[in-house]
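Q: Could you take a close look at one part of this protein for me? I'd like to go through how its pieces pack together.

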Amino acid sequence: MQYDVIVIGSGPGGYVAAIRCAQLGLKTAMIEKYSTFGGTCLNVGCIPSKALLDSSEHYHNATHTFAEHGIDVKEVKVNLPQMIKRKNEVVEQTTGGITFLMKKNKVDTFEGLGSFKDKNTIKITLTKGGEQEITGKNIIIATGSKPTELPFLKPDGKRIITSTEALNLTEVPKHMILIGGGVIGLELGSVYARLGSEVTVVEFMDAIIPTIDKTLGKELQKSLTKLGMKFLLSHKVTGATVKGKKVTVTANSQKGEKVVLEGDYCLVAVGRTAYSEGLGLENIGITVEERGKKIPVNEHLETSVKGIYAIGDVIKGAMLAHKAEEEGTFVAETIAGQKPHINYNLIPGVVYTWPEVASVGYTEEQLKEKGTKYKTGTFPFKASGRARASMDTDGLVKVLADSTTDEILGVHMIGPRTADMIAEAVVAMEFRASAEDIGRISHAHPTFTEAFKEAALAATDNRAIHI
């Protein structure tokens, strides 16, 4: 079977690439080794974690803020099986939607493991047994990533778990020891902290979410501490043992002091590794990077073999679903002869804790390192009428603008609904808006987005009105 494009992997990058290729008139096939489409994001990542985050936030509000709102409830308790069931239903509906989109766009789909026989021939080891070969003029590798494992701390899937198992626990942990203070760990850790678990975070670096602007990390740690989470920063985990239902984790501080933690679950969330094995890349002369197993690509996201592209988590850059989507569209349009572009500096990053964290553009640390002269404007949500009305006053918005031109260089937010608010900052920066531009745009009152306007005004000659 001959195709214009074959996509290996059905995550956000893969299925978006397949749809865009089909829209552009290219005969397209997509291969997925699992029985459902959507990859990590839809099945065991973005979508199910957000379902649990929302459910746990409802419970937390019922037990902590309803009374102040004048809502009296009695005997509120966690029904974890129902919570997991609802999460699974959300996943099923979402992955089913991808199946519909494949049929709608006339993309041929194959269930099995795809690997290169040669640069134009893909062997599919079918899930239901047997093999099949298809050929394509262009191949897009979109195989995503998997949780990174520490060589001295192997998950057993029961007491020492990864994010995948954390989405399907049958009980609320008494004490969850969380190894890694990054996005995935903090999101899932906050789910169980809201449900009543004691959560202790062990992080090697001196700050949580260390790749995002440091102001946000400090503010988030304050909020999560109020939730009851504990943090051991600058600590290196040295091992873990399981005895019955007890997990013992050992770690060393930077000063060499040994710490011993005991809990009933240990969640290992130290990042993700590109999923590039089993593709038969050696058959076509592609060598992956030793660290991270990522596939090298050029500025067109083409590998060292002409006509073979790679996108998403399996290549360099942030491991974000929306980055993969943009790259899927980019490659499809490149194959069709168009000249698309991606500004990687303007792909936002989000942490879906509560308060939410969102960031785009340069961080303050990066601007200092570059020697760029900049000015800063901040506005706290405690000064926002809308935030006070909803009792969501933790956090702030920070705008970084060029000292000379006033062009916005970075926007960093922590607060209510900042995952949605950051889109305005992305649009502004795509059109190279100045801080004053945002300050002069009318924002509806009362809204959370007024905090962005006020922060922009603060960066424009310290003109914030409401503080």
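This is a predicted model: local features need pLDDT of at least 70, side-chain atom pairs count only at pLDDT 80 or more; totals for chains, interfaces and linings use all residues.

In which kind of crossing, left-handed or right-handed, does H1 pass H8? And please walk me through the contact around that pair, then the domains.

A: H1 goes past H8 in a right-handed crossing. H1 covers residues 12-23 and H8 covers residues 321-335. Their axes come within 7 Å and cross at roughly 30 degrees. Because of that angle, H1 counts as roughly parallel to H8, the cut-off being under 35 degrees.

Now for the side of H1 that touches H8. Pro12, Gly13, Tyr15, Val16, Ala17, Arg20 and Cys21 are the H1 residues in the contact. Across from them, H8 brings in Ala321, Ala324, Glu325, Gly328, Thr329, Ala332 and Glu333. Sorted by class, the H1–H8 contact comes to 8 nonpolar, 3 polar and 3 charged residues.

Zooming out, the protein chain splits into domain 1 (2-147 + 273-336), domain 2 (160-270) and domain 3 (355-461). Between domain 1 and domain 2, the C-alpha centres are 27 Å apart. Domain 1 puts 18 residues into that contact, and domain 2 puts in 16 residues. Together, domain 1 and domain 2 bury about 1,400 Å², with 67% of it on carbon and sulfur atoms. If you want names on the domain 1 side, look at Val44, Leu53 and Leu80: they supply 33% of the area that domain 1 buries against domain 2, more than any other three residues.

Technical notes: Residues are numbered from 1 along each chain as its sequence is written. Side-chain values use heavy atoms; hydrogens and water are left out. Axes are lines fitted to C-alpha atoms, for helices over the stretch in contact, and angles run from 0 to 180 degrees between N-to-C directions. Helices (H or I, at least four residues) and strands (E, at least two) are DSSP runs, numbered from the N terminus. Angles under 35 degrees count as roughly parallel, over 145 as roughly antiparallel, 65 to 115 as roughly perpendicular and the rest as oblique. A crossing is left-handed if the near helix is turned anticlockwise from the far one by less than a right angle, and right-handed if clockwise. Contact means heavy atoms within 4.5 Å. Ala, Val, Leu, Ile, Met, Phe, Trp, Tyr, Cys and Pro count as nonpolar, Asp, Glu, Lys and Arg as charged, and the others, Gly among them, as polar. Domain bounds come from an automatic or database domain assignment. Buried area is the accessible area (1.4 Å probe) that two parts lose on being put together, summed over both.
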